[in-house]
Amino acid sequence: MHTTATGMIADQFVKDLILDPSTRDVSDVKHEVKAVASSSSADRAKKFLEECKVPEGAAAYGSYEELVKDKNVDIVYVATPHSHHYQNTMLCLEAGKHVLCEKAFTTNAAQTKRLIETAKAKNLFLMEAVWTRFFPLSIQVRKFIEDGNLGAVHRVIADNSFGDNVEKKYGTTHRMINMDLAGGCLLDLGIYSLTWLFQTLYHTLPPPARKPPTVVSAVTPYHATGADEMTSMILTFPSAPGPAPAGTPG
């Protein structure tokens, strides 16, 4: 396992990764951090390894290009800002590395399509790291729907927001509101709401029945940069998952 970037999310991920798997009653899998790369310097990567208490032997690189050449690395966890996910993930795939990439996966659908095509052509594992899908609660909700315990599900409402003072906290250059860094609430927070919608109204359907929704949306831009400060969407799916409750018309 290798990690690109050395920020907060990468820190939490690596500390969890190196925990003894027996604490989760797992005995057939063991992860080893073989290398870490920082785009700024190898020293920063070394500091990251020390702060996360990664066992000795892991390499520290000052560029992603160096890291993907490391033959000890099987899979790469990409934790860079999402404005650079496409470039970083493609670099790994082209080097023959499996990839777990943080959310938001890419900044647009065309980038996602190219990454998937590349991974398939090279027979490589590629996944977006959205932990929400793996919460025990999420798994149980999907099972309730798939087993028909809730009847037909016709509506799901998902909201995610915070009340920060945007002008004071982010100004005009922070990645959260910087258009050049794919800033805005949709790509940073909206992915969670969309995950709940798709895991309940789309992925609970049999594969042949899964159809894309129609979308109506409204965006409130942040006055200082134009990034979306609030995004609202209504997604209408062609069919509802789960059987109709007994005694109701078909």
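Predicted model: local features only at pLDDT ≥ 70, side-chain atom pairs only at ≥ 80, totals over all residues.

Guide: A salt bridge is a side-chain nitrogen of Lys or Arg within 4 Å of a carboxyl oxygen of Asp or Glu. Side chains of opposite charge can pair when their charged atoms come close. Residues are numbered from 1 along each chain as its sequence is written, and side-chain values use heavy atoms, with hydrogens and water left out.

Visitor: How many salt bridges are in the whole structure?

Guide: The search finds 9 salt bridges. One of them joins Lys113 to Glu117, with the closest N and O atoms 2.5 Å apart.

Visitor: Where do Lys113 and Glu117 sit relative to each other?

Guide: Both are in helix 5, and because they are 4 residues apart, about one helical turn separates them. Helices (H or I, at least four residues) and strands (E, at least two) are DSSP runs, numbered from the N terminus.

Visitor: Is Lys113 buried or exposed?

Guide: Buried means under 20% relative accessible area, exposed over 50%, and partly exposed in between (1.4 Å probe, protein chains only). Lys113 counts as exposed because its relative accessibility is 52%, while Glu117, at 41%, counts as partly exposed.

Visitor: And which residue pairs with Asp188?

Guide: Asp188 forms a salt bridge with Arg175, and their closest N and O atoms are 3.3 Å apart. Asp188 lies in helix 8 (residues 185-201) and Arg175 in the loop between helix 7 (166-170) and helix 8, so the pair ties together parts that are 13 residues apart in sequence. Asp188 is buried, at 10% relative accessible area, whereas Arg175 is partly exposed, at 34%.

Visitor: New topic: which residues form a nonpolar patch on the surface?

Guide: Trp131, Phe135 and Leu137 do, with about 360 Å² of accessible area together. Accessible areas come from the Shrake-Rupley method with a 1.4 Å probe; for residues, only the protein chains shown count as cover. Patches are made of residues with over 30% relative accessible area and no salt bridge: like charges are joined within 9 Å, nonpolar side chains (Val, Leu, Ile, Met, Phe, Trp, Tyr) within 5 Å.

Visitor: Where is Phe135 found?

Guide: Phe135 is in the loop between strand 6 (126-129) and helix 6 (136-146).

Visitor: Which element has the lowest mean pLDDT?

Guide: Strand 1 (residues 2-4) has the lowest, 51, and helix 5 (residues 109-121) the highest, 98.

Note on methods:
pLDDT = per-residue confidence, 0-100.
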